[in-house]
Amino acid sequence: MPLSTCTTTSMVIPHFTKNPKIGVVGKEEEENLSNECKGLIHSLPKEKGWRTPFIYLFQGFWCQPKEIQAIISFQKHFQARDSDVILATIPKSGTTWIKALTFAIMNRKRFTTSSKNHPLLTSNPHDLVPFFEYKLYANNQIPDLSNLPKPRLFGTHVPFASLQESIKSSSCRIIYVCRNPFDTFISSWHYINKVRPESLPPFPLEEAFNLYCKGVVGFGPFWEHMLGYWKESTERPEKVLFMKYEDMKEDTVSHLKMLANFLGVPFSIEEEEEGMIKDIAKLCSFENLKDLEVNKCGKSIKNFENKHLFRKGAVGDWVNYLSPSMVEQLSKVIEEKLGDSGLKFNVFS
Ligand code: PAP
């Protein structure tokens, strides 16, 4: 589709209503919930949401009512297979990128990077690697996943502790991508302001920052999300591969090799000599994906526009937004919460 025909889609504006029990609630969100889930939500601690009136503390992490319903369904019904691959992240840490890279590695025999039919050229990575909580188990669905081609690739923002038990007990593999909290915060704040209902005013940076430092952000606290997967990766490195966005940016080729080895499909010498690893890196690069028509005009997760998933794709953009006192505050939170876990970020180098 030529750029000129790319139409701007209007955002869905939810109706907000006053409910005497829980204050201002997104009516649409309530309407789509089962009675069981509504009852549960009303019993959970809540805080101001980033793009909904409230977010709720469920199993130790913050999320929205619809996400809670989907996660409960995922926890009840999903059955992992040993060959499954789960891509886990906290939002805005490199989810779209790792989905593209893993899909390209796993399907490189079916679709060469030079193929005009490569699915990444016409589909957003989120449509090729579905989320448990936004797609497969959303809206009270119980999907039939038995016929998906092997290995099945799934994405999730759910913290390690809340993953479906069979994911933890089977031999399926988990890849976790972590991004430094400074950039993750800025990326989240930008995104939220793009997808926030028009009926709500812009979300001020300072307000978002204070919530983020308290851990109140979707699927946060961020430190608990990271540490859950970090700990598991140190105890079971064959089960969880822990990667950092910044390292992947610095040396994508080495990380692609690491990924392929972990997935049990290492690149052969011939593939390397043919330049396949570099070609995959290029195909999945921010610059390439951002300019594809599907990513300029299409919609995927929650019906949000794909274009908002591609902003700058850079390391260190936080310096353009955070004041010295904010930097000090977030540095303290990181130091205190990550403690002597061994997980560190070199944000000031
Ligand atoms: P999600 O969790 O909602 O799916 P996610 O893909 O994790 O979002 O995060 C989007 C960020 O990744 C954006 O960062 P920014 O706001 O700092 O720019 C986006 O630009 C970046 N991103 C998207 N695709 C790529 C890519 N192929 N390579 C590197 N960064 C990317």
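Student: Which order do the three strands of the open sheet have, and is the pairing parallel or antiparallel?

Tutor: Before that, note that this is a predicted model. As a general idea, strands of a sheet pair through backbone hydrogen bonds, either parallel or antiparallel. Here the three strands lie in the order S3-S4-S5, and the pairing is antiparallel. Strand S3 (46–48) and strand S5 (61–63) are the edge strands, each pairing on one side only. On average, neighbouring strands of this sheet are turned by 35° against each other, with direction ignored.

Student: How many bridges hold S3 and strand S4 together?

Tutor: Three bridges join S3 to S4 (residues 54–58), in the antiparallel sense. To find a position on screen, look for Lys48, which stands opposite Phe54 in S4.

Student: Where does Leu44 sit?

Tutor: Leu44 is in the loop between helix H2 (35–43) and S3. Apart from neighbours within four places in sequence, Leu44 is in contact with Tyr56, Leu57 and Phe58.

Student: Why does Leu44 count as partly exposed?

Tutor: The way to read this is to count C-beta atoms around the residue: 20 or more within 10 Å make it buried, and 12 or fewer make it exposed. Leu44 has 16 C-beta neighbours inside 10 Å, so it counts as partly exposed.

Student: What does the count give for Leu128?

Tutor: Leu128 has 18 C-beta neighbours inside 10 Å and therefore counts as partly exposed. This residue belongs to helix H6 (residues 125–128). Leaving aside neighbours within four places in sequence, Leu128 is in contact with Lys99, Phe103, Pro119 and Ser123.

Student: In what order do the four strands of the parallel open sheet come?

Tutor: The order is S7-S6-S8-S9, with parallel pairing. At the edges stand strand S7 (153–156) and S9; each has a single partner strand, so one side of each is left without a neighbour in the sheet. Neighbouring strands of this sheet are turned by 20° against each other on average, direction ignored.

Student: How many bridges join the strands of each pair in this sheet?

Tutor: Go along the sheet pair by pair. S6 and S7 run parallel and are joined by four bridges, with Leu87 opposite Gly155 in S7. Strand S6 (residues 85–89) and S8 pair in the parallel sense over five bridges, and Ile86 stands opposite Ile174 in S8. Strand S8 (residues 173–178) also pairs with S9 in the parallel sense, over five bridges. There, Ile175 has Leu241 in S9 as its bridge partner.

Student: Which way do the residues of S7 point?

Tutor: In a regular strand the side chains alternate between the two faces of the sheet. In S7, Leu153 and Gly155 point one way, while Phe154 and Thr156 point the other way, and all are buried.

Student: Why is S9 described as largely enclosed by the rest of the structure?

Tutor: Four of the five residues of strand S9 (residues 240–244) are buried, so the strand is largely enclosed by the rest of the structure.

Student: Which strands does H4 lie across?

Tutor: H4 lies across S6, S7 and S8, and runs at about 160° to S6.

Student: Which residues touch the most other members of the largest nonpolar core?

Tutor: This core has 81 residues, and Leu101, Ala104, Ile175, Ile280 and Cys284 touch the most other members. H4 gives the most to this core, with seven residues. Take Ala104 as a case: not counting residues up to four places away in sequence, Ala104 touches Leu120, Ile280, Leu283 and Cys284.

Student: Which residues come nearest to the ligand?

Tutor: Of the 22 residues around the ligand, Thr95, Thr96, Ser187, Arg311 and Gly313 come nearest. To read such a shell, ask what kinds of residue line it and which elements supply them. Here the shell divides into eight nonpolar, nine polar and five charged residues. Helix H4 (95–106), helix H9 (181–195) and helix H16 (286–290) each supply at least two residues of the shell. H4 gives the most, with four residues.

Definitions and conventions
Residues are numbered from 1 along each chain as its sequence is written. This is a predicted model: local features need pLDDT of at least 70, side-chain atom pairs count only at pLDDT 80 or more; totals for chains, interfaces and linings use all residues. A residue is near a molecule or strand if its C-beta atom, placed from the backbone, lies within 6 Å of it. Ala, Val, Leu, Ile, Met, Phe, Trp, Tyr, Cys and Pro count as nonpolar, Asp, Glu, Lys and Arg as charged, and the others, Gly among them, as polar. A nonpolar core is a set of buried Ala, Val, Leu, Ile, Met, Phe, Trp, Tyr and Cys residues joined through C-beta atoms within 7 Å. Two residues are in contact if their C-beta atoms, placed from the backbone, lie within 7 Å. Two strands pair if DSSP finds at least two bridges between them. Axes are lines fitted to C-alpha atoms, for helices over the stretch in contact, and angles run from 0 to 180 degrees between N-to-C directions.
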